[in-house]
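User: I'm new to this one. Please pick one part, look at it closely, and walk me through it in plain words.

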Amino acid sequence: MVARRARQWLLTGAMFALVLPGCHHKLPKLAAAGKHVEVIEHVQGSRRVPKGKPGRAYATSLAAVGRIDEARAFLMHDFRHTGDVRSLVALADLEVQQGLRGIALTRFSRAHSLNSRALKGRTDVCDLLRERARQFLAEDEGLAADQDMRRVASVCEAAPEDARLVTEIGQAAAAQARGQRTLAECSDCPPQPAPIAQALAQAKAKGPLAVARLAHLRGFELPPQDVVELLRADLAGELGVDLVTHDTLRAWVGNQPIDGIDKALPAYSPAVQAYVRLRFSLLGPAYTLGEAKGPQVNQDVLGRTDSARPTTTDSAGIALSNVLERLSEQSEIPASNGWRVLALVGDLRAVEFELGTGLRNRAPAKPTVADSGAQGAEASDIDVGARASAPAPVHWAATGPVDQVKLVDLLTLARLRSNGDNADQALEIARFALTNADAGGVAQAQDLARQEAWHRLASGKPWQAIAVMDAVAAARDVGIERAAGSAIALHTALCSENCSGTEDRGVAVRVMGEKWVQQQQKLLMQAARTRVQPGPDPGACPTLRELMVGDAVGPLAKALRAARTDAISPGVAQKLRTAIESDISLSCAGRYSVAVMLKAGHKVTAEVLADELSQAPQILSSAQLELQAELAVIAGRREQAEMLSKAAGGASVQPQAYWRRAAAFGRLADNREFEAHSLRQAILHLPPEHSNDLRQALVVRALLDTTMGESLRDPEVPAAREALMHQTAEYFDGLSAAERWHAREDVARSVAARGPLDDTALSLIRQALWPESMAMMRHPAAMAALEQARGQPMIELTPDPLAPVQWAAAVRHAKPEQLPSKMGLLCPAHEVREGRLVLAKHAGQPEVRRTAAIAVATTGTPAQRETAILLLLQDLAQSKSTAQRERVLALLLDGLVASVGPDQPPQPIFTDRRRLLMAAVAPKPG
């Protein structure tokens, strides 16, 4: 009985083994006969999923009726559950039919690695592999190209062109392998600057102005003796037209004890001592000097009531009068320089009166032949044939020879008269002063011409900038010219069809003539479009400009055009996925598509692509691995992103550059873990002297964590706070003492720019940056920025126009309509840029907003330029100025450049192509 029952069970099992597979055995024949609907209905009506050959037949039918995505998903499902390589090959064939050659090649490569005979004799696959190998070679991925050619040799017979291609690829692969084994310590790092002491000694040999510029560019405080010497040079007019602002003076002093200034004062004249004491008295209680020494203030000076003297009897008024009296008692510094003292506490009317008095006292009794720029040039045998001559200035001060002191005074007068109805006269005075000073051999004429030109460019007056620089032939600065061309092009793009030009252009026409303006416009527009490649060289990949022109073809161009209209549309997400999958190397389309996915929030599409590429573990290309890591970041897969980024860094021959890009992407995606991970890896790949900016960025990232880290915000978990304080202190301790003030200022303002902050975060950041409360008083601008990042300042912020950075933070929520005249005219233009960004965002008049935005976009730092352009595009989008917005974007894609200062090479307005693309696509709602 038991034996018979066992035989029955065995017979039943055998029948099931024969019958169950037969449920779908007819599907291949039905599919071959074109009965695809019947195949699909059969499978959908069955309880079992077909596998193997029947499953591939089902996928064929799905594809035949247009259900491509379902067919692809089914074939991948069959491969992953059965391990049948033929299903993977079928999937790749289907993708090739759909034009998705890039993703198909990852399937073919995977199939070959699993079964080297799976593709035997497939010449079509070999042709694709050869094409991808050439693309890899063009992208400097020699090892990946070599791997493809090895697959070709395994699958197909050698083609005539293979030998040459193999040789070329072999050389590139060997070079890449050597590069990976023997990485340069810092292959793309800039030259290490000279030590501070050496650089300072070299600058001193050139004069006070060189010292001031070095301190600004390198970011370090100055010894007390040098601080006093620079203030003496400022009073004497040796630092040019710009005033030394409170922000600058605080930076010079840094964290040093103030008594060092007291000890340095006795070596100077009473006038200089009085001026230094006045300057420090305006900085606040943290900068109090010892009691003033010397004679008491002459009461007759205090009693004057004309507009050139203050009438107040407070401490500032007394100190100011003290300086003016001391100037009148000595001959070392011209007494006419008293206007610099009045500029600190007086209004511009008083400043111009004092300045005019000094010029009048030095004016000749009768006008000389140098009454105009044209006459002065002719009398001095200066050849200005190629340049226009300004009309004779009608202002009485434009007479006589121009020496160094008078040149600075006349340029200051020109600035003071440059607003309103006197703009034409102001330009004439500036040109007269520069032309005649240059003719008279004034050493700084050329330098001051470039400085004045850049100041006007940064003030939103590109035409006047070119006209000023034109006054001295040898003062030409290509960077300023090209940036002025960019500004003029952007202003033109904002005009309507009947645009008559800006007021700035009108001043240039009236002073220089229409012919000169037309000639210059042609040259400047050409110079503006002379491209400076933004970011890393795209190599064999198309540029963003090539992809976004109106007639561009291909899946990626189509996807980007769609994103320009509606980036968040699901249809755009599908087009971006198609663009990546169609790219034979994946990476060219990937670098742009990922940026749009990030901007539009296409997380699901990123997840799908990340899953697909995870089935290709044989990838060697660093660019493809970088793409996978970025997709994982968007998909929110932290561990996968970090693992793939390590693989990408390991495959790159320039890991330093890769990790910097990865950190930038983490910041762009606001992914704190990936950003911090990438920064740490970048620091490990660089010598300490070249990683200061990375270590600072890591500290900023750590301080930003105070807004969300539960352990940091819990006072009962002291270990987390102690770790933060230790990390911050360790960074500052690693810097020289002269660099720490600037570093704390930079960190605080970087944190504020990436806010918002709350009370707990602000308190922790203060403790980390300024363990001693008195040290905080040395950083009013940084504290103002942090307070504004909080949203509701806990302290009263003083909008001091002589502290431009502090002013910008203080008025950010007040929404000003214009800059204070003193700040805009007499403060260094690079310090006023933050204030112009406030105008670009909050000013009520569109013309004011857009002029400010263009001024910063063509003269600011990379971050400031980007912010300015984003504000400009946002302004145009909100006002529904579609045509103007498109013209601005077209200009940016052409590669418009900016100038970061005189004698500096031009830089692209946007240094990152992907950030430019994110600005170009339709903004994400909300």
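Analyst: Let's start with Cys126, which is buried, with a relative accessible area of 0%. Buried here stands for under 20% relative accessible area, exposed for over 50%, and partly exposed for anything in between, using a 1.4 Å probe and protein chains only.

Before going on, some ground rules. This is a predicted model, where local features need pLDDT of at least 70, side-chain atom pairs count only at pLDDT 80 or more, and totals for chains, interfaces and linings use all residues. Residues are numbered from 1 along each chain as its sequence is written, and side-chain values use heavy atoms, with hydrogens and water left out.

So what does Cys126 do with its sulfur? It pairs up with Cys156 in a disulfide, S to S 1.9 Å. The term covers a pair of cysteine sulfur atoms within 2.5 Å. The torsion about that S-S bond is about 95°, so this disulfide is right-handed. Cys126 sits in helix H8 (residues 123-138), while Cys156 is in the loop between helix H9 (142-155) and helix H10 (162-181), so the link ties together parts 30 residues apart in sequence.

Cys541 and Cys588 are joined with their sulfur atoms 1.9 Å apart. This time the S-S torsion is -70°, and the link is left-handed. It connects distant parts of the chain: Cys541 lies in the loop between helix H28 (514-528) and helix H29 (544-548), and Cys588 in helix H32 (residues 587-600), 47 residues apart. Neither end counts as exposed: Cys541 is buried, with a relative accessible area of 5%, and Cys588 is buried at 6%.

One more cysteine is worth a glance: Cys827 counts as buried, at 0% relative accessibility.

To put the pairs side by side: Cys126 and Cys156 make a right-handed link, while the link of Cys541 and Cys588 is left-handed. In the pair from helix H8, a helix residue meets a loop residue. The other pair likewise has Cys541 in a loop and Cys588 in a helix.

Notes: Helix = DSSP H or I, 4+ residues; strand = E, 2+ residues; numbered from the N terminus.
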